[in-house]
Amino acid sequence: MRVFVAGATGYVGSAVVRELLESGHDVLGLARSEASADALAKAGVEVHRGDIDDPAGLRAGAAKADGVVFAANKHISETTDSAARARAELNAVEALGAELAGTDRPFVVTSGVLGRAPGRVLTETTPTDPSALTSPRLPVEQAVLAMAGRGVRSSSVRLAPTVHGRGDARGFVSALIGIARAKGVSAFVGDGANRWPAVHRLDAAVLYRLAVESAVAGARLHAVAEEGVPFRDIADAIGRRLELPVVSLTAAEASEHFAGFLAPLVSLDSPASSALTRERLSWSPAHPTLVADIEEGHYFEG
Ligand SMILES: NC(=O)c1ccc[n+]([C@@H]2O[C@H](COP(=O)([O-])OP(=O)(O)OC[C@H]3O[C@@H](n4cnc5c(N)ncnc54)[C@H](OP(=O)(O)O)[C@@H]3O)[C@@H](O)[C@H]2O)c1
């Protein structure tokens, strides 16, 4: 298949590109800059110049492909307006979906599991908690899955919050390490028993490829290798590597310590299962667990 990938230069998207190429697919990658175009060309990827804010350009990319993966995202460092970032994402997926309508081509879009069913194990069939629907990004998934009724083989890959692995410079694990370094302690909230699911970047990439190849229209897929890693275990692993004290914080202390986008998330208990995803797509995560990956040391190089 020839797959158009938006976000092809990103942490997640570049792994998806490599997985697609290694599995014999061709990739057309969206590049918004000369630097991104160069990086794609070096990786053996055909370049489609454009921007997620340019619907006509996105449609032209999709028109040239047998399927589309959307793993692009305006980064918080570019704009802190999360509603504007979500709107841009929604407009982009609507444009791509309009091009794919009636073709039955695959359209695999990125979403997440965090906060959809706090305190319960989220499955692929659990309705999303209405309180989580205030998240500005959830309408993107809803729009994409609704395209299944318009002749698009659309699916949502819901990533675990910690997509860990080499090259993770801006994900949750690197952010937690950065905060621990800056504050001189590695922290968790309360007893630290709240759970975050995890997935290795390379295992997540395999799931995107399987979704392109064979997910049914409207599938919700969980890129979750570990159902729930207690937050305290993450803090312990970071503290061990940095040789820093590991401390418990109250909720009020945590909102100051983790100031920024992580503050409301660090106390979430948000386990998620991937049993249905594994069964339906024969997905079998094979890469190191989150704590093993932190202990391996690459997060602390350089
Ligand atoms: N990383 C994680 O741990 C994690 C965890 C859960 C969910 N996710 C989700 O996974 C998705 C990808 O995350 P990531 O970590 O791979 O992000 P990333 O490394 O920041 O990559 C973002 C990608 O989007 C592209 N992009 C950004 N703005 C663009 C624009 N205006 N036009 C065209 N392309 C644009 C970037 O291109 P440039 O190279 O040109 O900047 C890059 O290819 C996001 O939806 C994120 O929320 C990530």
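## The three-stranded sheet

Three strands make an open sheet, ordered E7-E9-E11, with mixed pairing. Strands are DSSP runs of E with at least two residues, helices are runs of H or I with at least four, and both are numbered from the N terminus. Two strands pair if DSSP finds at least two bridges between them. Strand E7 (162-164) and strand E11 (226-230) are the edges; each has a single partner strand, so one side of each lacks a neighbour in the sheet. Neighbouring strands here are turned by 45° against each other on average, direction ignored. Axes are lines fitted to C-alpha atoms, for helices over the stretch in contact, and angles run from 0 to 180 degrees between N-to-C directions.

E7 pairs with strand E9 (residues 195-200) in the parallel sense, over three bridges. Val163 stands opposite Val199 in E9. H7 packs on this sheet and touches E7 and E9; its direction makes about 75° with that of E9. Helix H8 (residues 231-242) also packs on the sheet, touching E9 and E11, and its direction makes about 65° with that of E11.

## Basis of the model

This is a predicted model: local features need pLDDT of at least 70, side-chain atom pairs count only at pLDDT 80 or more, and totals for chains, interfaces and linings use all residues. Residues are numbered from 1 along each chain as its sequence is written.

## The seven-stranded sheet

A second open sheet has seven strands in the order E3-E2-E1-E4-E5-E6-E10, with parallel pairing. Strand E3 (46-49) and strand E10 (219-223) stand at the edges with a single partner strand each, so one side of each has no neighbour in the sheet. From one strand to the next, the twist averages 25°.

Strand E4 (residues 67-70) pairs with E5 over three bridges, in the parallel sense. Phe70 stands opposite Val109 in E5.

## The nonpolar core

The largest nonpolar core has 84 residues. Such a core is a set of buried Ala, Val, Leu, Ile, Met, Phe, Trp, Tyr and Cys residues joined through C-beta atoms within 7 Å. Among those with the most contacts inside it are Val5, Val16, Leu207 and Ala211. Helix H7 (residues 201-214) gives the most to this core, with eight residues.

Which residues does Ala211 contact, leaving aside its neighbours within four places in sequence? They are Pro106, Val108, Ser155, Val157, Leu221 and Leu281. Contact means C-beta atoms, placed from the backbone, within 7 Å.

## The ligand shell

The ligand is surrounded by 27 residues, and the closest are Thr9, Gly10, Val12, Asn73 and Gly171. A residue counts as near if its C-beta atom, placed from the backbone, lies within 6 Å. Helix H1 (11-22) and strand E5 (106-112) each supply at least two shell residues. H1 gives the most, with three.

By class, the shell has eleven nonpolar, eleven polar and five charged residues. Ala, Val, Leu, Ile, Met, Phe, Trp, Tyr, Cys and Pro count as nonpolar, Asp, Glu, Lys and Arg as charged, and the others, Gly among them, as polar.

## Two positive phi values

Asp104 lies in the loop between helix H4 (82-100) and E5. Its phi is near 60°, a positive value in a residue other than glycine. Asp104 counts as exposed because it has 10 C-beta neighbours inside 10 Å. A residue is buried with 20 or more other C-beta atoms within 10 Å of its own, exposed with 12 or fewer, and partly exposed in between; C-beta atoms are placed from the backbone.

Glu243 sits in the loop between H8 and strand E12 (246-249). Phi of Glu243 is near 55°, again positive in a residue other than glycine. With 7 C-beta neighbours inside 10 Å, Glu243 counts as exposed.

Note on methods
Contact = placed C-beta atoms within 7 Å.
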